[in-house]
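The reader may wish to keep the model in view throughout.

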Amino acid sequence: MTEDDIVDEELLTIGAFAARARLSAKALRLYDRLGLLEPARVDEASGYRYYRADQVERARTVALLRQLDMPLARITEVVGAEGAEAADRLGAYWAAVETRMAGQRTLAEYLRGRLSGRSSEMYEKFVVETVDVPARVVITESRHTLADELPTWIGASLGRLEKAARECGGVAGAPFVVYHSEVSMESDGPAESCVPVTDEAAARAWVERHGGPWATRVRVEPAARLAYTRISKAQVAHPQILAAFEAVEHWMTQEGLEMAGPCREVYFADWEAAGAGDPVCDVAFPVRPRRAADGG
């Protein structure tokens, strides 16, 4: 018996099955090795692989999903589901791909502007102002996180902190996120979510009782002058927000100012209710007059 023969009414040799699936035998061996499509039987003596005819559809689906650059674990999830559930899993994967591609497209345009010397032109789209803010007591939560996990963590942590603040006399101002070091896909901060609270003693008592799991603490945020630009919900996404941060830094240089503390994002609007074009966030830096260089 050769590898190209039909073994019986149920099983096909790898050659015959490959022809029906419109795939190569090499691809089928790879799918077997990856655990995506195992043969129905492997002959112990010859090592030949045999497949059922009803495995053709799965083989074709696996091949198409691999053309979408879908990770192996996600392919397993899709082909392991049925009907609408499989379609929904594919839809969720592709929505994430499109979101990532949109961000990368925006980043590419942003970098083209920088590389072509049009940075100043981009910065002019942002209006930068200053505001003086008083010292405030804040309840905070800090975390080392990369850029892809940052939005989810910000939403969750601010939700926890606002709930805690309401139990401590109320929220006393707009919540904000402080970046003590860069957060990107290579650098993990840390970032610190902050919510101003009305009652410092109550907040400290709350942290003693409940703050352990999230490393929550209470501190005094010092008074500061902030240089800021206001951005929309759509502009908050990475990498769009990078241009806003750089626009404020550029303005500071022109105005003879320097950073007096870590940069931050101040969220003053209802995020869930806001539309893509609605202003929701101030990108801000604490600033002070630039100090003269020491003479030599």
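Across the whole of this predicted model, a search finds three aromatic pairs. One of them joins Phe17 and Tyr51, whose rings are stacked, with a centre-to-centre distance of 4.4 Å and an angle of 10° between the planes. This pair connects distant parts of the chain, since Phe17 lies in helix H1 (residues 14-21) and Tyr51 in strand S3 (residues 49-52), 34 residues apart. Phe17 is buried, at 0% relative accessibility, and Tyr51 is likewise buried at 0%.

Another pair is formed by Phe245 and Phe285; their ring centres are 5.9 Å apart and their planes stand at 90°, so the arrangement is edge-to-face.

The charged end of Arg160 is placed over the ring of Trp214, at 3.6 Å from the ring centre. In the case of Arg230, the charged end sits over the ring of Phe268, 4.1 Å from its centre.

Which elements do the buried residues of helix H7 pack against? The buried residues of H7 are Leu150, Trp153, Ile154, Ser157, Leu158, Leu161, Ala164 and Ala165. Viewed down the axis of H7, these buried residues fall within an arc of 120°, and therefore line one face of the helix. An α-helix has 3.6 residues a turn, so residues three or four places apart point the same way. On the other side of H7, Pro151, Thr152 and Arg166 are exposed. The partners of the buried residues of H7 are strand S5 (136-143), strand S6 (176-179), strand S7 (191-196), helix H8 (200-210), strand S8 (216-221) and strand S11 (264-267).

The charged side chains can be considered next. The count of salt bridges comes to 17. Among them is the bridge between Arg89 and Glu85, in which the closest N and O atoms are 2.5 Å apart. Arg89 and Glu85 are four residues apart in helix H5 (residues 83-115), and are therefore separated by about one helical turn. Arg89 is partly exposed, with a relative accessible area of 32%, and Glu85 is partly exposed at 40%.

Other salt bridges span the chain. Arg225 and Asp132 meet through their side chains at 2.8 Å, N to O. This bridge links distant parts of the chain, with Arg225 in strand S9 (residues 224-232) and Asp132 in strand S4 (residues 128-133), 93 residues apart. Arg225 is partly exposed, its relative accessible area being 43%.

Arg288 forms a salt bridge with Glu258, with 2.9 Å between the closest N and O atoms. Arg288 lies in strand S12 (residues 279-289) and Glu258 in strand S10 (residues 257-259), so that this pair too links distant parts of the chain, 30 residues apart. Arg288 is partly exposed at 29% relative accessibility, and Glu258 is partly exposed with a relative accessible area of 21%. Finally, a network of salt bridges links Glu192, Arg217, Arg219, Glu221 and Arg264.

Note on methods. Residues are numbered from 1 along each chain as its sequence is written. This is a predicted model: local features need pLDDT of at least 70, side-chain atom pairs count only at pLDDT 80 or more; totals for chains, interfaces and linings use all residues. Side-chain values use heavy atoms; hydrogens and water are left out. A salt bridge is a side-chain nitrogen of Lys or Arg within 4 Å of a carboxyl oxygen of Asp or Glu. Helices (H or I, at least four residues) and strands (E, at least two) are DSSP runs, numbered from the N terminus. Buried means under 20% relative accessible area, exposed over 50%, partly exposed in between (1.4 Å probe, protein chains only). Rings of Phe, Tyr and Trp (its six-membered ring) pair if their centres lie within 6.5 Å; planes under 30 degrees apart count as stacked, over 60 as edge-to-face and the rest as tilted. A charge sits over a ring if NZ of Lys or CZ of Arg is within 6 Å of the ring centre and within 35 degrees of the ring normal. The arc is that of the directions from the helix axis to the C-beta atoms. Contact means heavy atoms within 4.5 Å.
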